[in-house]
Amino acid sequence: MKSPRYRYVFFVVVLVGLTAAADQDDLDAVFSRISSEVQQNSQAYEKLGEATRTIGHRLTGSTNGEKAETYAYDLLKSYGIQDVAYQPFSVETWARDTVTLAIAPRKSDNFHDIPVVALAHSPLEANVSADLVDVGNGLEADFEANKDRLKGRIALANLGLLAAPSGAKNLHRSEKTALAIRYGASGIVMVNTVPGNVLLTGTASVTGSLIGIPAVCISLENGQQIREWMKEEKLMALVDMRNTSKKSTSRNVIATIKGKSRDKIVIGAHLDSWDLATGAIDNGLGSFAVIDIARTFQKLGLKPRRTIEFVLFMGEEQGLLGSKAYIRQNRKSLGRIKYMINLDMTNQPSGVNISGWNNMERFFQEVGNHMQSLDPNYKNVIMNRAGLHSDHQPFMLEGIPTLTPLGHLPPTIGMTYHTNLDTFDKVNKEGLRNTVRYTSMLLYALANAKELPTQRLSNEQTKDFLIKQGLKDELVLGNEWRW
């Protein structure tokens with residue numbers, strides 16, 4: 001005969017097991033509803049197509065950018081979400097005007113014009129003529145090796161890594177520009193590493209403010225031509241540019257679905273894009289997925305335990321300006337944010353990348369098992385690596401756990417970002433729909449879990465984490481290291 005205590009323990013174990021089973025059954029049922037709704041009624045592809053046709057690019061601070069903010073706000077409202085709001089913030093609105101690059105042998109007036117595009121936050125006016133110094137991949141070691149030749153010269157550096165040592169880690173174009181400034185260069189010419197005479201734009205400023213030297217981009221093919229020429233004789237470069245910049249106001253768009261507690265999950269994507277095309281890939285994929293995820297939750301009437309904020313950030317391309325503004329304006333309530341999900345050029349997710357410290361591998365593995373039982377095409381890959389240069393960064397620097405779905409784009413499509421090739425015809429409808437489906441499931445699991453086996457890091461813990469992840473030097477270059 002079993003003792004009363006044994007019967008009590010047995011009852012508790014059975015009760016806990018039944019509760020867990022019920023939670024799992026609920027998860028499976030909700031995932032099934034999400035999957036059906038998205039497959040049958042997703043509007044992400046159609047609305048992204050409409051936006052690219054009627055708005056065009058979505059450059060922060062421009063008329064088009066303002067139209068995009070209004071479009072996102074009105075679309076979220078049309079889905080029946082009552083709590084939709086603008087979050088204004090100030091930006092320095094940079095816009096390109098004219099730019100030329102000419103190359104000639106030293107002491108010669110036989111200049112060759114090179115097709116070029118200005119990198120954002122270059123000076124309002126610049127006319128620089130100086131010798132060209134090749135710094136290869138533009139890593140700190142490359143600048144250091146040429147430090148005696150760089151002062152007053154124009155640096156030539158790869159955007160990506162070409163013939164780099166094994167294990168070499170690339171730097172952002174703004175960080176390479178910061179190094180050029182540190183070593184006394186009077187300008188920098190970036191060589192795109194994508195073949196096909198493709199020019200790429202993007203910010204060359206680590207702060208989102210104007211930089212002191214002109215920064216431009218040329219094609220891989222022209223870079224190769226110049227380097228062949230440099231083997232024969234020393235070259236000089238002439239950069240002439242005009243740009244405009246003014247203070248203006250931009251707006252994040254935030255839709256809120258309230259949960260049963262004040263704790264919240266933030267899911268965000270940057271709505272802004274560069275102006276050479278329509279930003280369909282970068283970041284129409286992420287922003288219109290987030291909008292459609294909000295539509296899905298509203299349509300199904302999902303009310304999870306935690307409140308969810310769906311955030312369309314502006315100013316990401318100018319230096320994470322919108323997400324930094326979100327952090328500043330919500331500083332007193334950051335403790336309520338239990339997780340941040342960021343979608344940037346996300347397509348056809350196969351799993352998740354979590355931010356390195358947050359002990360969530362088992363949680364997402366189990367959630368992924370449920371997703372796989374519904375759709376075996378979901379691969380349930382778990383990565384645990386921290387990175388920078390997207391809107392999760394300001395949250396991560398506050399010790400908030402972050403996640404990015406592991407998206408997959410064909411290389412020829414992924415390399416169109418920031419170029420004139422980033423157009424709607426590159427968007428895959430099924431890949432975008434699956435981004436909405438899978439991310440909706442991950443979001444619901446996070447928002448409705450009884451407990452999350454992770455917590456926000458303290459200031460010192462965040463410092464130690466960033467050092468262990470090898471991010472300190474990049475953050476120092478970007479003026480983001482506060483310790």
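One caution before we go on: what you see here is a predicted model.

Let's go to helix α8, residues 280-300, and its neighbour α13, residues 429-448. Their axes lie 9 Å apart, and the packing angle is about 55 degrees.

Who makes the contact? On the α8 side we have Leu-285, Ala-289, Asp-292, Ile-293, Thr-296 and Phe-297. Facing them from α13 are Leu-432, Thr-435, Val-436, Thr-439, Ser-440, Leu-443 and Tyr-444. Sorted by class, the α8 and α13 contact comes to eight nonpolar residues, four polar and one charged.

Now stay with α8, but look at another partner, helix α3, which covers residues 63-78. Here the axes are 10 Å apart and the angle is about 20 degrees, so α3 and α8 are roughly parallel to each other. The crossing of α3 and α8 is right-handed. What classes do the residues of the α3 and α8 contact fall into? Seven are nonpolar, with no polar and no charged ones.

And how much of α8 is buried? The count is 19 of its 21 residues, so to speak a helix that is mostly covered. If you follow the chain just past the end of α8, you reach Gly-301, which has a positive phi of about 65 degrees.

Let me finish with some strands. Please find β4, residues 125-134. β4 pairs with β8, residues 235-257, in the antiparallel sense, and seven bridges connect the two. As an example to look up, Val-128 has Val-239 of β8 as its bridge partner. β4 also pairs with β5, residues 154-158, and there the strands run parallel, joined by three bridges. On that side, Asp-134 is bridged to Leu-156 in β5.

How values were computed. Residues numbered from 1 in each chain as written. Predicted model: local features only at pLDDT ≥ 70, side-chain atom pairs only at ≥ 80, totals over all residues. Heavy atoms only, no water. Pairing = 2+ DSSP bridges. Helix = DSSP H or I, 4+ residues; strand = E, 2+ residues; numbered from the N terminus. Axes fitted to C-alpha atoms, helices over the stretch in contact; angles between N-to-C directions. Contact = heavy atoms within 4.5 Å. Nonpolar A, V, L, I, M, F, W, Y, C, P; charged D, E, K, R; others polar. Buried < 20%, exposed > 50% of the residue type's maximum accessible area, 1.4 Å probe, protein only. Parallel < 35°, antiparallel > 145°, perpendicular 65-115°, else oblique. Left-handed = near helix turned anticlockwise from the far one by under 90°.
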